Amino acid sequence: MSSQLRVYPTRSAAAHAAAAQFVASTERAMTTQGRFTVALAGGNTPRDVYRLLASDEYAPMVDWKNVHVFWGDERCVPLNDAENNAHMARETLLDHVPVPVTNIHRIQSQLPPEEAALDYEKTLRQFFNSRDMKLPRFDLVLLGLGAEGHTASLFPGSPLITERERWAAAVYVEKMKSWRITLTPVALNAASKVIFTVIGEEKAQAVKQILSEPKQPNLLPAQIVDPPEGQVVWIADKAAASLVNP
Ligand code: 6PG
């Protein structure tokens with residue numbers, strides 16, 4: 001696996017870089033497979049990136065009708081809840097580009113957590129197995145980073161950090177007092193490319209530890225993301241990368 005950190009002077013420049021990387025990934029996938037599969041990140045950081053992808057500057061560069069959208073994780077709240085990651089993606093991107101509804105593979109977060117996880121696992125296996133893939137080889141997985149080192153819904157101390165079979169699972173996050181559905185390291189590490197987009201000084205300590213300290217994924221779950229046949233790109237603004245030695 002190759003991993004690289006790209007630092008940008010501003011939040012906006014970092015968002016543009018992530019949008020450009022997304023477009024480049026779609027072009028590669030369309031050329032080789034005629035389709036593009038992406039797992040979107042949740043939270044706030046990706047909003048700027050998704051809005052750019054929906055803009056006249058980037059949207060025309062993507063063959064949206066052959067894009068398949070999944071999620072890296074989801075909060076166990078209904079779709080119309082502002083906390084729902086699919087809700088955020090629809091507001092900022094999916095309601096503004098012509099991705100076919102049948103290509104949007106939402107986590108059914110209105111179901112009881114375990115049912116939602118099993119449903120998502122089934123969706124993933126049907127989609128990738130029907131394309132002769134034994135693993136969910138996403139062309140691109142977008143991830144964010146929590147200030148304490150979590151990514152997707154893999155939080156410090158989570159039993160899912162050592163998951164070796166399931167591709168998706170339900171997890172109760174004590175810190176958030178809420179259930180989440182998340183891709184497991186098995187799925188994240190099958191990706192062709194992973195882009196972490198990290199903005200702001202509050203993430204700087206985690207970025208530094210993740211990129212420069214020995215691997216301790218139980219404490220820094222983002223370190224578990226290490227796809228053997230994939231590339232990991234960290235896109236950060238100056239503030240988030242401020243503690244990383246040049
Ligand atoms: C989520 C995300 C989560 C997020 C980080 C960073 O559902 O919240 O998957 O892993 O990426 O918590 O969140 P911000 O981008 O809001 O800082």
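The tour below goes from the ligand to its pocket and then to a cavity.

Before you click: this is a predicted model, where local features need pLDDT of at least 70, side-chain atom pairs count only at pLDDT 80 or more, and totals for chains, interfaces and linings use all residues. Residues are numbered from 1 along each chain as its sequence is written, and side-chain values use heavy atoms, with hydrogens and water left out.

**Stop 1: the ligand**

Now show the polar contacts, meaning pairs of N or O atoms within 3.5 Å. Pick Arg75: an N or O atom in its side chain is 2.7 Å from an oxygen atom of the ligand. For Asn44, look at the backbone instead, where a polar atom is 2.8 Å from a ligand oxygen. Then go to Lys203, which has a polar side-chain atom 2.7 Å from an oxygen atom of the ligand. How much of the ligand does the protein bury? Taken alone the ligand exposes 420 Å², and the protein buries 88% of that (Shrake-Rupley method, 1.4 Å probe).

**Stop 2: the largest pocket**

Hide the ligand; the space it takes is the largest pocket. On a 1 Å grid over the protein atoms alone, a pocket is an open set of points with protein on both sides within 12 Å along at least five of seven lines, a cavity is a set where a 1.4 Å probe fits but cannot get out, and lining residues have an atom within 4 Å of a point. A molecule sits in one if more than half of its atoms lie within 2 Å of its grid points.

This pocket holds about 450 Å³ of space. Among its 28 lining residues, Gly42, Gly43, Asn44, Leu145 and His150 are closest to the centre.

**Stop 3: the cavity**

The whole structure has one cavity of 30 Å³ or more. The largest cavity has a volume of about 70 Å³. Select residues of its lining, including Ala41, Tyr50 and Thr197. The lining has six nonpolar, three polar and no charged residues.

Methods. A polar contact is a pair of N or O atoms within 3.5 Å; within protein, one must be able to donate a hydrogen and the other to accept it, and residues adjacent in sequence count only if both atoms are side-chain atoms. Grid points are joined across faces, edges and corners, and a volume is the space filled by probe spheres set on the points. Ala, Val, Leu, Ile, Met, Phe, Trp, Tyr, Cys and Pro count as nonpolar, Asp, Glu, Lys and Arg as charged, and the others, Gly among them, as polar.
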